[in-house]
Amino acid sequence: MSTEPDAPPAPPGQLPAVTPARVLAGISLAVPVVALLWVSSYASLTPRLGGVPFFYWYQILWIPVSALFTGAAYLLLNHDARRRKALRGGAAR
């Protein structure tokens with residue numbers, strides 16, 4: 001068993017590379033990818049929506065949902081970048 005800390009603390013004046021906002025942005029970008037790559041979860045004909053099998057309308061539904069997740073990731077990263085700039089001493093917009 002090691003007595004060394006897992007990660008050294010960041011030096012004064014240096015911001016951590018991994019922040020909660022960046023983690024959430026990564027998760028929000030990964031959700032649509034995982035949902036659409038897990039084909040066995042939606043590989044069926046029923047339920048039908050307007051005569052269109054589930055397999056097709058589920059994928060079409062993910063187009064606007066993916067846009068929402070991507071927009072959320074953008075907002076999170078933009079907010080994080082402004083916060084980092086303000087902490088470095090620059091003017092936040």
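Is D80 buried or exposed? I looked this up before anything else in the model, which is a predicted one: local features need pLDDT of at least 70, side-chain atom pairs count only at pLDDT 80 or more, and totals for chains, interfaces and linings use all residues. Residues are numbered from 1 along each chain as its sequence is written, and side-chain values use heavy atoms, with hydrogens and water left out.

Entry 1: I found D80 buried, at 2% relative accessibility. Buried means under 20% relative accessible area, exposed over 50%, and partly exposed in between (1.4 Å probe, protein chains only). D80 is placed in helix α2. I then looked up its contacts, meaning heavy atoms within 4.5 Å. With neighbours within four places in sequence set aside, D80 contacts T19, A21 and R22.

I noted two polar contacts by side chains. A polar contact is a pair of N or O atoms within 3.5 Å; within protein, one must be able to donate a hydrogen and the other to accept it, and residues adjacent in sequence count only if both atoms are side-chain atoms. The side chains of D80 and R22 are joined at 3.1 Å, and those of T19 and D80 at 3.4 Å. T19 belongs to the segment before α1. T19 is also buried, with a relative accessible area of 6%.

**Entry 2: the nonpolar core.** I looked up nonpolar cores, each a set of buried Ala, Val, Leu, Ile, Met, Phe, Trp, Tyr and Cys residues joined through side-chain atoms within 4.5 Å. The largest has 5 residues, namely A35, Y42, F54, Y58 and W62. Helix α2 (residues 54–88) gives the largest share of this core, 3 residues. Not counting residues up to four places away in sequence, A35 touches S41, Y42, Y58 and W62.

**Entry 3: L24 and the surface.** I placed L24 in helix α1 (residues 20–37). L24 is partly exposed, with a relative accessible area of 48%. The protein exposes about 7300 Å², of which carbon and sulfur atoms supply 70%; accessible areas come from the Shrake-Rupley method with a 1.4 Å probe, and for residues only the protein chains shown count as cover.

**Entry 4: the whole chain.** I recorded 2 helices and 0 strands. Helices (H or I, at least four residues) and strands (E, at least two) are DSSP runs, numbered from the N terminus. Of the 93 residues, 16% are buried. Among contacts with a separation of 6 or more, 48% join residues 24 or more positions apart.
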